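Keep the coordinates open as you read.

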Amino acid sequence: MSGALPDRAQAVIIGGGIHGCSVAYHLAKAGWSDVVLLERKQLTSGTTWHAAGLVGQLQGSHATTAFASYGVELLQEIEAETGQNPGFRQNGSISIALNDQRMAELRRKADFASLFGVEASFLETAEIAERWPLMNAEGVLGGIFMPGDGAANPSDLTQALAKGARMNGARLFEHTPVEEVLTEGGKVCGVRTGEGVIKTDIVVNCGGMWARELGRRNGVGVPLHACEHYYLVTEPVAGLPADLPVLRSYCDGTYWKEDAGKLLFGFAHFHPKAWAADGIPETFEFDSLPFVEEDVMEVLELAMERVPILKSTGIRTFFNGPESYSHDGRFTLGAAPDLAGYFVLAGVNSTGIQSGAGSGKALAEWIMAGHPTMDLSEMDPARIEDFQARDPYLRERCAETLVLTYAMHWPGRQRESARGLRRTAFHHALKARGAVHGETQGWERPAFFAPEGADPVFDHSFHRPSWFEYAQAEQKAARENVALFDYSMLGKLMVEGPDAEPFLQRLCTNDMAMPVGGVAYSLMLNERGGIESDVTVARHGDDSFMVMSGISHTRRDHDHLRRHIRDGEDVRLRDVTTSYAVLAVAGPNSPRLLRAVTDADLSDDAFPPYHMRHTHIGHAPVFAQRLSFTGETGWEIFITPDFAEHVLEIILEAGQPLGLRLAGGEALNALRIEKGFLHWGADMAYTEAPYQLGLDFICKPGKKLPFIGRDACLARKADPKGPCLRSVRLADPDAILHHNEPVLRDGRIIGFVTSGAFCAMQKAAMGLCLVSPPDGAGGFEAVEDGPCSVMVEGREVPAELRRKPFGA
């Protein structure tokens, strides 16, 4: 678009790829006509133009699947609206399996599809060969067919969105790079370009592979890096059916699609390479990268074996282009945590064409409503630690994300790159005793303990991995005897100052006017009555509280607290997570163990549950709080790092005659599921209200100082809607639950599993699930206890549903 830039705009979008144009389209269509999009070169000239254009309805999460499903709807309608044909062909897709574990994954994928009404059916090998006659069927065990999938033309789709945005009043400017996002008082106030300044309160960073550097200029972490991504296009293939479905062979690392009488086939690389470590060239526009045959030879040979016609067909195009990948395989979508009015949509891991329309719509709705209108917590920019936005980390992690695109999507899959970054004070001592570590937010945390002589390998499976029995034994120790966990990575935030109590009374649903030494479990809500976090709060002094939160959202909780400190309020916030190592002792024999190492009175009268006391273990000053995420009698012991190993040695020595067992995160997860304890981000987020989860007992609406969201919380409870939490237990001891398995009653889907594990004491797979009655009525009482079933790998497994946890 030509013409002078406006002086002011309601929102300025930076980046003219699929995402920027989608945000502009959805804002403008909703009535925000004063929207400006600025593109450094030409629309689509970064990575959008060379995308393969695959359109799949099913993605890895509820949010991304909603994006993709909406994207198909838009593809079917946008030509009638704009006159621009997006080139959508709905030929379907087939995903094949070459081994039993991949088949288990595909069957679970089909189960997940049923939650959204997306058609996915199992095909035998002969049926696949009939639908895809060019495929070598050797080794193929079967697959799934999704008729609603297909492919679109990336540039045409983006131009259709751009045209629709213009038709609704948005203005798009090409060849207008943004030099600076202007801020004042912690808020966005405009953008500066070579053509002048545009004043605005909202900036949307849709800069694609430039988004990281653009965000960095304003202290906004955008964890992505461009990586080299290859595909090839053959010469015309005689008799190639135009309606050929997209074929994916994850085990071969390859996908194929018909492309105007030719075959286009691309790769999820076995040996990825991050690109532009020294920065993206300023002149980059519709560019490609050198094609290095050695980089793809291994996967190319597999492709030719799977589709033998490739051996005798010429290659017209050898293409290598940059694609952006994130550090954890998840999008970055939402409001920047430290700069009001700054939004990000980037790092979509080569799924931009299928998710661009839906993700742009979701962000546009967030901007207009002032809050997310669906659960986008997995993508929250506030999840990102500072080290995760630095180039050295991203070059390692983002390249691995590319490799894992077509690798097995194991539950709890562990990354191999950039490991060993954050180690607790117990790390080496526990590793010497068999600890096998998993990683979360850079923290190395014991996942389980391998017995002496066993191979300490963290392998993965949809069924029973090699360490399954070790974790079962750890569960039994916590339930029947005593177990010890490393909790050091627990988030610990000190809230201090004369106004600390009233501040936390306003933020927390539970009553913070407790005596020194009191401990309380609480929620923090938003103005809509949704759960922003669950925390444990301990009162350390008259003006001093410790707020404890989960590893994955400590940074998010810190930002939430900081944002709510009012002008003139005397409140100080400190992150002391690394100032204390923590050991958690749990089980019926935990009092015996602690009496052997401390002279503290552990009786119920002197040290009741949800209280904290200072004491000594050995020569070390410690404080302990009586509670446990296992649901058993237990204490969490806080130690300064200098005394940490000393305390560990004393506890292990005292625990030896008791049969103390070291335990890890895999056992802890199963133990908390059995007791019905929730994990924010898995079992709940800011879309759920306390009554839906049975957590209104920790909401104190009668407090003198009302908590944020109190009125909305009460209103939602009075007019209940939405799913409610239940516990589910399978009747078949061979079946395993992980997450997202559909829950059925009377043959109808009523919900899905949010967290699952095999619980040793129940001798069955158990899960927490969100379910709704068939008539759609809400409320915690809405779904009755009783028989149900759960879909596990295409099989309807009998189960039981209960309001109260089975381990209660």
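In this predicted model, the largest cavity has a volume of about 60 Å³. Its lining is made up of Leu594, Thr598, Ala600, Leu602, Phe607, Thr615, Ile617, Val622, Ala624, Trp635 and Ile637.

Arg89, Asn91, Gly150, Ala151, Leu244, Val246, Lys257 and Glu258 line it. Two elements give two or more residues here, β7 (150–151) and β15 (254–259). By class, this lining holds three nonpolar, two polar and three charged residues. So much for the two cavities in detail.

Now turn to an open site. The second largest pocket has a volume of about 640 Å³. Its lining runs to 27 residues. Nearest the centre lie Ala335, Trp366, Gly370, Pro372 and Arg563. Which elements each supply at least two residues of the lining? They are β19 (342–346), α8 (352–369) and α13 (554–563). Helix α13 gives the most, with three residues. The classes divide into 15 nonpolar, six polar and six charged.

Stay with α13 for a moment. Arginine 562 forms a salt bridge with aspartate 559, and the closest N and O atoms are 3.5 Å apart. Both residues lie in this helix, three residues apart, about one turn. Why can such a spacing work? An α-helix has 3.6 residues a turn, so residues three or four places apart point the same way. Are the two partners buried or partly exposed? Arginine 562 is partly exposed, at 31% relative accessibility. Aspartate 559 is buried, at 4%. The cut-off for buried is under 20% relative accessible area.

Helix α16 spans residues 665–675 and is mostly covered. Of its 11 residues, nine are buried. They are Gly665, Ala667, Leu668, Ala670, Leu671, Arg672, Ile673, Glu674 and Lys675. What covers them? The cover includes the strands β22 (443–449), β23 (483–486), β36 (748–759) and β37 (764–771). It also includes the helix α11 (468–480). After α16 comes glycine 676. The phi of glycine 676 is positive, near 80°.

Next, follow the charged pairs through the rest of the chain. The model has 43 salt bridges. One of them joins aspartate 34 to arginine 171, with the closest N and O atoms 3.2 Å apart. Aspartate 34 sits in the loop between α1 (18–29) and β2 (35–38), while arginine 171 belongs to strand β8 (residues 171–173), so the pair ties together parts that are 137 residues apart in sequence. Aspartate 34 is partly exposed, with a relative accessible area of 26%. Arginine 171 is partly exposed too, at 25%.

Lysine 717 and aspartate 696 form another salt bridge, with an N to O distance of 2.7 Å. This pair links distant parts of the chain, 21 residues apart. Lysine 717 is in helix α17 (residues 710–718), and aspartate 696 is in the loop between α16 and α17. Lysine 717 is partly exposed, with a relative accessible area of 45%. Aspartate 696 is partly exposed as well, at 24% relative accessibility.

Finally, some salt bridges share partners. Which residues do they join into one network? The members are Arg212, Glu213, Arg216 and Asp391.

Key. Residues numbered from 1 in each chain as written. Predicted model: local features only at pLDDT ≥ 70, side-chain atom pairs only at ≥ 80, totals over all residues. Heavy atoms only, no water. 1 Å grid on protein atoms, 1.4 Å probe; cavity = no way out; pocket = protein on both sides within 12 Å on 5 of 7 lines; lining within 4 Å. Points joined across faces, edges and corners; volume = space filled by probe spheres on them. Helix = DSSP H or I, 4+ residues; strand = E, 2+ residues; numbered from the N terminus. Nonpolar A, V, L, I, M, F, W, Y, C, P; charged D, E, K, R; others polar. Buried < 20%, exposed > 50% of the residue type's maximum accessible area, 1.4 Å probe, protein only. Contact = heavy atoms within 4.5 Å. Salt bridge = Lys/Arg side-chain N within 4 Å of Asp/Glu carboxyl O.
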